[in-house]
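Subject: Structure handover

Dear colleague,

Please find the structure below, followed by notes on what was found in it.

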Amino acid sequence: MRDKDNMSVILLEWYDRHAREMPWRVSPQARKGGTLPDPYAVWMSEIMLQQTTVATVKDYFIRFITRWPTVADLAAAEDAAVMAEWAGLGYYARARNLLKCARAVVADHGGAFPADHAALLKLPGIGPYTAAAVSSIAFDLPHAVLDGNVERVMARLHDIHTPLPTAKPELMARAEALTPATRPGDYAQAVMDLGATICTPRNPACGICPWRDPCAARVAGTAADLPRKLPKKAKPTRYGTVYLGRRADGAWLLETRPERGLLGGMLGWPGSEWAEGDAPEATPPAPGDWTELPGEVRHTFTHFHLILRVMRADLPADCTPTRGSFRTRAEFGPADLPTVMRKAFDLAQ
DNA sequence: AAACCGGGGTA
DNA sequence: TACCCAGGTTT
């Protein structure tokens, strides 16, 4: 029962009955018939799924694949069009690397994703996890995927109490030891599905788990407490000011943020720096009768909380801004903004 | 090795 | 409101 081949067979039998439908996925039945998914679609979905839930990704994936059906189409896209389509999904470096990677696949690989794990790893935005996911799911090569789901499943299956990230090499070794030579692509998706639907962070459904018998943590009663994690440090709060200027024709004064750093390459409102402690000095991006809006914008990023004052002004038709540029109603919609900037827009409506 | 990157869901 | 989740890149 604990034999490696039996373990994978048991999980694959469960997956054959319970595989979740996803727009980028080929069913286990179709895969048994020899159909493999489009590597471009697998890659696109895996980039979007980094740090992001399936429910959120689905709509974005459909829009991207519909608008850019092949990697060559994406490689030829305008940078600003891709960034606007990505708005709201977060971690915007992913979108910049998405384009870089598409262009590298066209330039260096003749427009076809390589199957080889090492070649995938050299592409922008593709790390160990994504390289293993693409080579296993799209090409059925036996590479072990180790995402947060698999880390949790392995920690529980083997009752590993070492906290993350220290435990990562051991969890990887366990994941590799279990990866089968037959149907490795379905196996990779199966173990991640198991973590997402049965072996969940809280309240794992051990009673209906296909690996219930061999699971060491279920026997020890420690499943819900694993994996252990090193404590994280508290988030500081930063303060800042943004300026929402509107011209009589309805155009808004916006700026494109620098390529690197927070919200890199995205549209935003001109404003002050964001700093801890006292609110930093703020200079309007154009002369005008600026008034502070009631309320404030609160937003939390990965490593700090942000509180923004929002200033509003109606600007003259001949306004010459010192920062940013006007975008007409046709050139701009709030959906093009990252969430924190859209919150400021909502406050002004 | 540690810090830097958003947004959504749940309690 | 507070807390949880989670790969890749940069420094």
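In this predicted model, a backbone N or O atom of Gly 148 lies 2.6 Å from a phosphate oxygen of DNA strand C. The corresponding distance for a backbone N or O atom of Gly 127 is 3.1 Å. Arg 152 places a polar side-chain atom 3.4 Å from a phosphate oxygen of DNA strand C. The cut-off for a polar contact is a pair of N or O atoms within 3.5 Å; within protein, one must be able to donate a hydrogen and the other to accept it, and residues adjacent in sequence count only if both atoms are side-chain atoms.

There are 18 residues around DNA strand C, and Gln 51, Gly 125, Thr 130, Asp 147 and Gly 148 come nearest (near: a heavy atom of the residue within 4 Å). Of the atoms of DNA strand C that come within 4 Å of the protein, 71% belong to sugar and phosphate. By class, the residues of this surface are six nonpolar, seven polar and five charged (Ala, Val, Leu, Ile, Met, Phe, Trp, Tyr, Cys and Pro are nonpolar, Asp, Glu, Lys and Arg charged, the others, Gly among them, polar).

At least two residues of the surface near DNA strand C come from each of helix H9 (128-138) and helix H10 (148-157). H9 gives the largest share, three residues (helices are DSSP runs of H or I, at least four residues, numbered from the N terminus).

Now the domains. Chain A splits into domain 1 (4-225) and domain 2 (237-348), with bounds from an automatic or database domain assignment. Their centres, taken over C-alpha atoms, are 37 Å apart. Seven residues of domain 1 are in contact with eleven of domain 2 (contact: heavy atoms within 4.5 Å). The two domains bury about 660 Å² between them, 55% of it on carbon and sulfur atoms (accessible area, 1.4 Å probe, lost on putting the two parts together and summed over both). On the domain 1 side, Ala 87, Tyr 92 and Arg 96 lose the most area to domain 2, together 61% of what that side buries.

Across this interface the rule finds zero salt bridges (a side-chain nitrogen of Lys or Arg within 4 Å of a carboxyl oxygen of Asp or Glu). Three residue pairs are in polar contact there, both residues at pLDDT 80 or more. The side of domain 1 that touches domain 2 has five nonpolar, one polar and one charged residues.

Residues are numbered from 1 along each chain as its sequence is written, and chains are lettered from A and ligands numbered from 1 in the order in which they are written. Local features need pLDDT of at least 70, side-chain atom pairs count only at pLDDT 80 or more, totals for chains, interfaces and linings use all residues, and side-chain values use heavy atoms, with hydrogens and water left out.

Regards
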